[in-house]
Amino acid sequence: MRDGDILAHITELITEERELRAKLGSHSISSHEENNRIKHLEEALDQAWDLLRQRRARREFGEDPDSAAPRPIDEVEDYRQ
C-alpha cells in the first residue's frame, strides 16, 4: 500500500464517520449501531495513521517504506496522541 492509497483510505473512513453521525442526527440509525461502527472506524483510522507514520519514518531514515506493516489494533490504540 502506497502513501496515497493510505491517505485515500483515511479519507474514506472519515467520510463514513461523518455519514454515520449525520444518520444518527436524522435518527436513521440507533446510537448503539452508530457507536459500534464508530469504534471500528476509529480503530481503522488509528491503524492507517500509524502505517503512514511508519512509512514516512522509514523513508526519512533511508529505509524501504514498503517494509512497513499495519500493527495490531490493540498496539496502536495504546499510543499517546
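Mentor: Let's start with a word for how open a side chain is: a residue is buried under 20% relative accessible area, exposed over 50%, and partly exposed in between, using a 1.4 Å probe and protein chains only. This is a predicted model, where local features need pLDDT of at least 70 and side-chain atom pairs count only at pLDDT 80 or more, while totals for chains, interfaces and linings use all residues. Residues are numbered from 1 along each chain as its sequence is written, and side-chain values use heavy atoms, leaving out hydrogens and water.

Now to your question: the search finds 11 salt bridges, each a side-chain nitrogen of Lys or Arg within 4 Å of a carboxyl oxygen of Asp or Glu. One of them joins E34 to R21, at 3.1 Å from N to O. E34 belongs to helix α2 (residues 31–60) and R21 to helix α1 (residues 3–25), so this pair ties together parts 13 residues apart in sequence. Helices here are DSSP runs of H or I with at least four residues, numbered from the N terminus. E34 is buried, at 3%, whereas R21 is partly exposed, at 43%.

E43 is buried, at 14%.

Then find E75 and R71, whose salt bridge spans 3.8 Å, N to O. Both are partly exposed, E75 at 34% and R71 at 27%.

Key: Helices (H or I, at least four residues) and strands (E, at least two) are DSSP runs, numbered from the N terminus.
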